[in-house]
Amino acid sequence: MVFEPKILGFLCNWCSYAGADLAGVSRIQYPTNVRVIRVMCSGRVDPVFIAEAFMNGIDGVLVLGCHLGDCHYINGNYEAELKMKMLSKTLSMINFSDRVRLDWVSAAEGARFAQIVSDFTEHIRKLGPSPVKNKKVKKEIIDNLNAVKFALCDTRLRALVARQRELTTDGNVYGEIIPTEEFEEILDNAIENEIIRHKILEKIKNKGKSVPDIAKEIEIEPHKVLRHIVTLRARGLVDVDQINEEIPTFISIKEV
Amino acid sequence: MSDDDIRIGVFVCHCGTNIGGVLDISELTEYSKTLPNVVYSADNLYTCSEVGLSEIRENIKEHDLNRVIVASCSPRTHEPLFRSTCQEAGLNPYLFEMVNIRDQDSWVHMKEPEKGTEKAKDLIRMGVYKAALLESLEKMQVGVIPSAIVIGGGIAGMNAALNLANQNFKVSLIEKDSELGGLLRHLNKVYPTNEDASIILETRNLVENHKKIDLYKSAVIEKIEGYVGNFKVIILQNKKTLEIEAGAIIVATGAKALSPEGYYNYNGKTIISQLELEGILKENKINTNNITMIQCVGCRNEERKYCSNICCMTALKNAILIKEQNPDANVNIIFRDIQTQGVTYEEYYRRAREMGILFIKYLPEKPPIIKKDRIEVYNEFMNQVIGIPYDLVVLSMPLIANEDSEQLAKMLKVPLEENNFFLEAHVKLRPVDFATDGIFVCGSAHWPADISESISQSNAAASRASTIISKEMLEVEGSTAEVNTDLCVGCEACIKICPYSAISKDEETDTVVVNKVVCKGCGVCGASCPHNAITIHHFTSDQIIAEIVTYGGGE
């Protein structure tokens with residue numbers, strides 16, 4: 001039997017949803033795989049929604065907005081673009097970035113909408129079912145997606161993306177503009193850190209462990225692990241469990 | 001309200017054979033009954049007919065429904081109708097949810113009815129899960145200042161101001177120049193009547209002497225605040241800062257001609273622009289015999305993709321005027337495509353041809369070359385380069401957006417399109433509206449328009465503005481953003497991100513607040529808030545995640 005991917009589409013009310021309606025009015029036929037959630041603006045799509053979709057076994061997610069410059073809300077689609085770039089970086093760390101696509105469809109582009117849906121369906125069909133559906137690796141994949149979700153919910157990362165346009169074009173409160181490359185690097189680091197921190201939390205969920213032990217388990221240098229532990233402690237997510245022969249063990253103290 | 005209290009009614013529409021001819025409606029109706037919280041489900045031949053609507057009303061009462069779902073066409077066209085039907089039956093209109101099984105299902109899966117029906121089941125289920133989480137929302141009421149501000153005193157702005165003033169509204173007309181009239185002041189005659197531009201410019205006297213119009217010339221806009229019904233515009237005039245209030249704003253800032261400098265060896269003497277020709281014709285100073293015009297200079301190319309709309313008719317007008325004065329003159333128009341749409345303009349073009357004006361087509365990849373004594377242009381039909389002797393070359397330059405349009409757009413919080421012309425809310429359905437309520441556009445600010453277009457648009461904009469300023473109170477959309485002050489840490493990320501400046505800091509609590517009248521409910525702040533402290537009503541994260549989970553989980 002041919003694999004029929006489950007595809008979720010987030011469509012903005014003013015352009016892409018109208019474009020999808022136009023495909024209907026023009027009777028342009030396309031695959032039945034996509035289910036649409038209408039939002040007012042593509043900028044409404046919180047990257048967490050997409051992590052949530054993958055955790056629930058959805059094979060691919062399309063986010064469609066107005067063409068850049070044509071946003072009904074002036075610049076909501078630019079915000080969507082920044083969010084999706086960050087999401088894509090995060091998902092690429094667990095090999096999922098191929099399953100999301102951001103594109104632009106105007107209210108006049110019914111045929112373009114149908115084409116994007118057809119292409120994306122075919123693309124996901126080729127990629128095969130989401131590994132979440134594979135019982136053998138399900139646990140690992142869900143753990144990975146949880147790490148992604150943890151990163152996407154992280155205050156610092158969200159604040160970075162929310163301020164990206166401001167910091168890279170208008171400058172910060174001191175009027176300093178951060179070059180885009182430098183910003184990307186900061187973002188990359190923040191994403192990587194959050195994913196590692198989540199891994200650490202997973203390892204010390206039920207049992208206290210020492211820094212060297214955690215370092216061995218997740219294959220990262222101990223001094224780096226220690227730095228993450230300090231951060232996690234400051235966030236109130238980790239505390240000292242016991243101290244054995246002057247070596248402390250740490251345990252996760254909050255469900256994340 | 002506890003979960004047990006949710007009573008959903010699902011109405012599945014056949015839309016004649018539009019949906020019923022493809023999808024299995026009875027299966028969908030039966031399926032709906034199996035979904036949580038659904039207490040009633042039925043199908044209608046046309047849910048939007050009076051019969052269908054009264055069925056909704058009756059069943060809300062009979063089954064005590066507190067959520068209504070219609071699975072039919074697009075919410076973009078029919079949501080307002082169904083919402084008001086719910087309201088008539090005493091249900092808050094925001095407790096209505098629409099599922100699109102026609103435009104995005106039966107019409108696009110006509111050859112796959114079974115798969116289409118499966119898709120419709122998913123969509124209805126997603127709707128049911130969202131509906132269970134819908135909340136009642138109230139529309140806000142705001143008072144309205146019964147006056148308008150018109151920005152720009154060209155023909156469009158003057159006419160819009162006159163239109164409103166004649167309806168007895170107070171109008172403030174703001175013009176950056178020291179004189180009214182805009183581009184019209186530089187024109188000689190106007191097509192297709194070939195009457196003097198000065199006749200049309202007489203509108204200036206009407207505007208200047210109108211009791212209801214306050215005129216602000218040589219005025220620069222410093223700041224625009226407020227929202228529909230309550231705008232405040234701060235202007236600088238003669239080094240004095242003035243504050244003007246109004247319920248609606250009309251943008252009629254026009255456009256300007258692209259400078260011919262650098263195109264086709266322009267020298268301002270033998271090679272001039274069409275606008276300069278207007279000046280020469282005005283003073284009756286044309287004394288050459290060989291005149292050639294070149295169309296589409298600096299537009300319809302990579303840099304400026306658009307057609308400037310007015311240049312074909314302008315060239316025809318000036319060519320005809322020259323021919324009328326001096327029938328022996330050789331007048332040529334080198335063009336790419338002549339655009340003279342409609343009855344009158346096409347007639348004008350025929351007249352030009354009959355007068356012996358020569359039309360020579362050129363290809364964009366082989367533009368004419370101006371040599372010392374002749375213009376060389378490749379002619380596709382003859383497949384050869386022809387030489388045209390000239391005394392005067394006239395370049396048809398496009399109208400381009402004003403440099404300050406970007407600044408004004410930012411102050412008004414309205415979008416521009418890629419060429420920096422103002423972008424309307426919908427090209428067909430709302431051609432003079434902006435997406436921002438209470439602000440309208442007309443004339444060449446929107447894109448190059450001739451006088452008759454400018455006047456029709458300005459009448460349209462004035463009439464749209466009057467629908468606001470004639471009301472004492474206005475209702476504004478209830479689905480907006482709301483800040484949970486317990487979660488907000490006052491980081492202000494949302495303040496910078498909000499395209500409408502609807503969010504501000506409450507210094508006392510150190511959290512932010514949303515002005516519900518200004519908020520358009522786009523949801524960008526909610527998706528960005530580092531602390532998840534913003535709820536986007538009617539599109540809440542809970543509602544969206546409920547849809548996602550049930551789609552993913554429901555095999």
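How many positive and negative side chains does chain A have, and how far apart do the centres of the two sets lie? I looked this up first in the predicted model. Chain A has 35 positive and 36 negative side chains, with 6 Å between the centres of the two sets. I counted Lys and Arg as positive and Asp and Glu as negative, leaving out His and the chain ends. Each charge was placed at NZ of Lys, CZ of Arg, CG of Asp or CD of Glu.

**Conventions**

I number residues from 1 along each chain as its sequence is written, and chains are lettered from A and ligands numbered from 1 in the order in which they are written.

**Chain A**

I found 10 helices and 7 strands in chain A; these are DSSP runs numbered from the N terminus (helices H or I, at least four residues; strands E, at least two). The C-alpha trace spans about 75 × 55 × 25 Å along its principal axes. Of the 256 residues in chain A, 55% are buried (under 20% relative accessible area, with exposed over 50% and partly exposed in between; 1.4 Å probe, protein chains only). I noted an accessible surface of about 11300 Å² for chain A, 51% of it belonging to carbon and sulfur atoms; areas come from the Shrake-Rupley method with a 1.4 Å probe, and for residues only the protein chains shown count as cover. For contacts (heavy atoms within 4.5 Å) with a separation of 6 or more in chain A, 71% are between residues 24 or more positions apart.

**Chain B**

I then went through chain B, which holds 16 helices and 30 strands. Its C-alpha atoms fill a box of roughly 90 × 60 × 45 Å along the principal axes. Chain B has 555 residues, 57% of them buried. It exposes about 24000 Å², with 49% supplied by carbon and sulfur atoms. The mean positions of its 55 positive and 75 negative charges are 7 Å apart.

I listed the domains of chain B as domain 1 (3–137), domain 2 (147–255 + 401–473), domain 3 (258–399) and domain 4 (477–537); the bounds come from an automatic or database domain assignment. Between domain 2 and domain 3 of chain B, the C-alpha centres lie 31 Å apart. There, 19 residues of domain 2 are in contact with 21 residues of domain 3.

**Strands β20 to β22 of chain B**

I traced an open sheet of 3 strands in chain B, in the order β20-β21-β22 and with antiparallel pairing. Its edge strands are β20 and β22 (384–389), each pairing on one side only. Strands count as paired if DSSP finds at least two bridges between them; β20(B) and β21 (residues 374–379) are joined by 2. B:Ile369 stands opposite B:Glu376 in β21(B).

Is B:Ile370 buried or exposed? B:Ile370 counts as buried because its relative accessibility is 10%. This residue is in β20 (residues 369–370). Leaving out residues up to four places away in sequence, I found that B:Ile370 touches B:Tyr264, B:Asn265, B:Ile271, B:Ile294, B:Ile375, B:Tyr390 and B:Val393. B:Tyr390 is 20 residues from B:Ile370 along the chain, with 9.4 Å between their C-alpha atoms.

**Hairpin β28–β29 of chain B**

B:Lys505 has B:Val512 as its bridge partner in β29(B). The two strands form a hairpin with 4 residues between them, and B:Asp510 in the turn has a positive phi of about 60°.

How values were computed. This is a predicted model: local features need pLDDT of at least 70, side-chain atom pairs count only at pLDDT 80 or more; totals for chains, interfaces and linings use all residues. Side-chain values use heavy atoms; hydrogens and water are left out.
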